[in-house]
Amino acid sequence: MLVSSPNGILKINIDGAFHESTSSDGWGFTVRNDSGVVMAAGVGNLEYVSNVLHAEALAMLYGVSTTMQMRCNHVIFETDSMVLKQVISNEEYHLSTLGVVFQVISNQENFNDCQGRVM
């Protein structure tokens, strides 16, 4: 079931997958407007990823980058990773191995209204 976002707010759905045996990942995101229409999407894969949190964070980073290029500053993130939601909203993790990625995601000055939901 597609759930639309409030008026004027874009919704970014993100997901990542991690393959431990190859240290590779797959990631993807969609950006939908308040009517549920896809405005942008992206997918990809990377080698040398450390864990599933790394994969999820990269998916969110690509979604953030895309919405910034679209000059959007009201977004809702949806992820299936409770851990990712926790680490981007807590500065304690900014000194971790993936801290730079978490900082870039959580410190976007262009986002006036940014919410996270775990679906």
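Is Y62 buried, exposed or partly exposed in terms of relative accessibility? Y62 counts as partly exposed, at 30% relative accessibility, where buried means under 20% relative accessible area, exposed means over 50% and partly exposed lies in between, computed with a 1.4 Å probe on protein chains only. The structure is a predicted model, in which local features need pLDDT of at least 70 and side-chain atom pairs count only at pLDDT 80 or more, while totals for chains, interfaces and linings use all residues. Residues are numbered from 1 along each chain as its sequence is written, and side-chain values use heavy atoms, with hydrogens and water left out.

The mean pLDDT of the protein, pLDDT being the predictor's confidence in each residue from 0 to 100, is 80, and 85% of the residues reach 70 or more. Confidence is highest in strand β3 (residues 38-47), at a mean of 91, and lowest in strand β5 (residues 113-118), at 49; helices (H or I, at least four residues) and strands (E, at least two) are DSSP runs numbered from the N terminus. Where pLDDT is low, the predicted coordinates should not be read in detail.

When neighbours within four places in sequence are left aside, M60 is in contact (heavy atoms within 4.5 Å) with I14, F77, L84, I88 and I105.

Aromatic pairs were assigned to rings of Phe, Tyr and Trp (its six-membered ring) whose centres lie within 6.5 Å, with planes under 30 degrees apart counted as stacked, over 60 as edge-to-face and the rest as tilted. By this rule there are 2 aromatic pairs. W27 and F29 form a stacked pair, with 6.2 Å from centre to centre and 5° between the planes; W27 is buried, with a relative accessible area of 13%, and F29 also counts as buried, at 6% relative accessibility. W27 and Y62 likewise form a stacked pair, at 4.1 Å centre to centre and 25° between the planes, and this pair links distant parts of the chain, since W27 lies in strand β2 and Y62 in helix α1, 35 residues apart.
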